[in-house]
Amino acid sequence: YSTLVLPHWGGELHGFPHTLYGYMMDLFARIDLLSAYWKGDASSQGQTLRMIEFMDEYLSPNHEANSVAVQMWRHKLMHTSEPRFLHDDRTGKIYRWLLHWGEHLPSDQHYTFAETSDSRILNIGLMYLIANLKNGIETYLANLSASSALQGNYEKVQVELASYKFRVY
């Protein structure tokens, strides 16, 4: 960030948006993996809810933000190469995003929503989100060391991840 992104701020490579998206993709892949260890199930069945529940428990109590983040930054980014707006049929609002590397978004605005007449905009600072995940991992690891149930879940997923088979297509 300091040697690559900031020196090019305002220039042709301003913000390195695709690099920022790559870090978001990596961060949510890690949340996916951690949530699998936590629940003891690495299948894609129920993956979205599992990730949201993990984030509710270990990253942020803001369930709406966790739900929007997983849908936008895990699934839409992963499968369509960029985040996509999410339409809420219940309210008619569109979920959008404001993503920054860090300090260009004040820390108290991180992981909050800004509201317009037609949108709810999730503000995210990547560096803040990395810190949130680091804190969440530390709490999860403490819980893991104290819980035989979580240890069993972890071991079950370890076995699953170590036994993938090649498929001939």
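User: Starting with Tyr111, is that residue buried or exposed?
Analyst: Tyr111 is buried in this predicted model, since its relative accessible area comes to 7% and the cut-off for a buried residue is under 20%.

User: And where does Tyr111 lie?
Analyst: Tyr111 lies in a loop, the one that runs between β2 (94-100) and β3 (112-115). Its phi is near 60°, which is a positive value in a residue other than glycine.

User: What about Ser81, where is its place and what is its phi?
Analyst: Ser81 has a phi near 70°, again a positive value in a residue that is not glycine, and its place is in the loop that links α3 (63-80) with β1 (86-87).

User: Buried or exposed, for Ser81?
Analyst: Ser81 is exposed, because its relative accessible area is 54% and the cut-off for an exposed residue is over 50%. Tyr111, for its part, is buried at 7%.

User: Let me step back to the overall fold. How many helices and strands are in the chain?
Analyst: The chain has 5 helices and 4 strands, and reading along the sequence gives the pattern α-α-α-β-β-β-β-α-α. The C-alpha trace spans about 50 × 45 × 45 Å along its principal axes.

User: What share of the residues is buried?
Analyst: Of the 169 residues in the chain, 38% are buried.

User: Now the helices: at what angle do α1 and α4 cross?
Analyst: The axes of α1 (residues 17-39) and α4 (residues 126-146) cross at roughly 15° and come within 11 Å of each other. Angles under 35 degrees count as roughly parallel, so α1 and α4 are roughly parallel to each other, and α1 passes α4 in a left-handed crossing.

User: Which residues in α1 and α4 meet there?
Analyst: On the α1 side the residues are Leu20, Tyr23, Met24, Leu27, Phe28, Arg30, Ile31, Leu34, Tyr37 and Trp38, and they meet Leu126, Leu129, Ile130, Leu133, Ile137 and Tyr140 in α4. Sorted by class, this contact of α1 with α4 has 15 nonpolar residues, no polar ones and 1 charged residue.

User: And how do the axes of α1 and α3 cross?
Analyst: The axes of α1 and α3 come within 9 Å and cross at roughly 110°. That angle falls in the 65 to 115 range, which means that α1 is roughly perpendicular to α3. The crossing of α1 and α3 is left-handed.

User: Which residues of α1 and α3 meet, and how do they sort by class?
Analyst: In α1, Tyr21, Met24, Met25, Phe28, Ala29 and Asp32 meet Ala69, Val70, Trp73, Arg74, Leu77 and Met78 in α3. By class, the contact of α1 with α3 has 10 nonpolar residues, no polar ones and 2 charged residues.

User: What does the Lys93 side chain reach?
Analyst: The Lys93 side chain reaches the backbone oxygen of Thr116 at 2.7 Å. Not counting residues up to four places away in sequence, Lys93 touches Leu86, His87, Asp88, Glu115, Thr116, Ser117, Asp118, Ser119 and Arg120.

User: Asp88 is in that list, so where does Asp88 lie, and is it buried or exposed?
Analyst: Asp88 lies in the loop between β1 and β2 and is buried, with a relative accessible area of 8%. With neighbours within four places in sequence left aside, Asp88 is in contact with Lys93 and Tyr95.

Note on methods. Residues numbered from 1 in each chain as written. Predicted model: local features only at pLDDT ≥ 70, side-chain atom pairs only at ≥ 80, totals over all residues. Heavy atoms only, no water. Helix = DSSP H or I, 4+ residues; strand = E, 2+ residues; numbered from the N terminus. Buried < 20%, exposed > 50% of the residue type's maximum accessible area, 1.4 Å probe, protein only. Axes fitted to C-alpha atoms, helices over the stretch in contact; angles between N-to-C directions. Parallel < 35°, antiparallel > 145°, perpendicular 65-115°, else oblique. Left-handed = near helix turned anticlockwise from the far one by under 90°. Contact = heavy atoms within 4.5 Å. Nonpolar A, V, L, I, M, F, W, Y, C, P; charged D, E, K, R; others polar. Polar contact = N/O pair within 3.5 Å; in protein donor to acceptor, adjacent residues only side chain to side chain.
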